[in-house]
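This briefing concerns helix packing and charged side-chain pairs. Please consult the sequence and the structure shown here alongside the text.

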Amino acid sequence: MEDRKSVYSRAAECGLPLGVVNSLAATMFLYSDKVPVLAYLAMALMLCLPSMVFRYEKAAMIEEKGNIDMAGLWIMGIMMTVYALLITGLVSFVEIQYLRPQYVYEQVQTAIDTLSQLPKDQFSGELLDEMKRAVNDGLLPRPIEVVMNMFCMSAMAGSFVSLVITMIVTRSSGKMKENK
């Protein structure tokens with residue numbers, strides 16, 4: 001009798017390459033304020049992630065000969081995202097905490113400078129005042145807070161994307177079963 005892999009172990013194995021690609025994209029975004037072309041490269045990498053999830057889910061479906069239900073594939077996709085985000089979160093935290101400790105301040109300062117140049121009738125001056133107060137009072141988020149927010153938002157988005165990908169995989173495998 002063959003040992004079957006659990007969806008969690010499959011997700012952990014597949015989450016590693018996803019985490020590497022996602023970490024590269026996050027690093028490129030982090031430095032895109034200095035080298036703008038990195039933002040475009042990061043976007044290209046980000047567009048690869050859903051196709052990677054599709055490929056991994058499809059491979060699991062084929063390896064299991066269609067014996068994984070939609071819920072199992074969806075959990076696999078969610079867990080792949082979570083494992084990848086754990087890697088990305090660690091890389092991003094190290095970068096923001098140690099390699100670019102002024103990153104958050106620089107970004108807020110850039111936003112303040114940009115908003116200061118706009119005519120007052122295009123936006124509420126309250127936002128500019130709040131941003132200046134946050135800088136002056138030391139209320140900017142710490143690197144761990146930035147990373148945790150990124151993790152939560154990305155995990156939520158990843159679960160929705162995974163659901164759509166899972167529906168595509170299960171429908172396409174259903175057609176494959178009908179053709180046999």
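The model is predicted. It holds ten salt bridges, and its helices H4 and H5 have axes that come within 10 Å.

**Packing of H4 and H5**

- Helix H4 spans residues 103-117 and helix H5 residues 125-136, and their axes cross at roughly 150 degrees. H4 is therefore roughly antiparallel to H5.
- The crossing of H4 past H5 is left-handed.
- On H4 the contact is made by Tyr105, Val108, Gln109, Ala111, Ile112, Leu115 and Ser116, and on H5 by Leu127, Leu128, Met131, Lys132 and Val135.
- Nine residues of this contact are nonpolar, two are polar and one is charged.

**Salt bridge of Arg4 and Glu64**

- Arg4 pairs with Glu64 in a salt bridge whose closest N and O atoms are 2.7 Å apart.
- Arg4 lies in the segment before helix H1 (7-31) and Glu64 in the loop between helix H2 (37-63) and helix H3 (70-99), so the pair ties together parts 60 residues apart in sequence.
- Arg4 is exposed, at 57% relative accessible area, whereas Glu64 is buried, at 8%.
- A network of salt bridges links Arg4, Arg10, Glu63 and Glu64.

**Further salt bridges**

- Arg100 and Glu106 form a salt bridge with an N to O distance of 2.8 Å. Arg100 is buried, at 8% relative accessibility, and Glu106 is partly exposed, at 27%.
- Arg133 and Glu130 also form a salt bridge, at 2.8 Å from N to O. Because they are three residues apart in helix H5, about one helical turn separates them.
- Arg133 is partly exposed, at 41% relative accessible area, and Glu130 is partly exposed, at 44%.

Definitions and conventions. Residues are numbered from 1 along each chain as its sequence is written. This is a predicted model: local features need pLDDT of at least 70, side-chain atom pairs count only at pLDDT 80 or more; totals for chains, interfaces and linings use all residues. Side-chain values use heavy atoms; hydrogens and water are left out. Axes are lines fitted to C-alpha atoms, for helices over the stretch in contact, and angles run from 0 to 180 degrees between N-to-C directions. Helices (H or I, at least four residues) and strands (E, at least two) are DSSP runs, numbered from the N terminus. Angles under 35 degrees count as roughly parallel, over 145 as roughly antiparallel, 65 to 115 as roughly perpendicular and the rest as oblique. A crossing is left-handed if the near helix is turned anticlockwise from the far one by less than a right angle, and right-handed if clockwise. Contact means heavy atoms within 4.5 Å. Ala, Val, Leu, Ile, Met, Phe, Trp, Tyr, Cys and Pro count as nonpolar, Asp, Glu, Lys and Arg as charged, and the others, Gly among them, as polar. A salt bridge is a side-chain nitrogen of Lys or Arg within 4 Å of a carboxyl oxygen of Asp or Glu. Buried means under 20% relative accessible area, exposed over 50%, partly exposed in between (1.4 Å probe, protein chains only).
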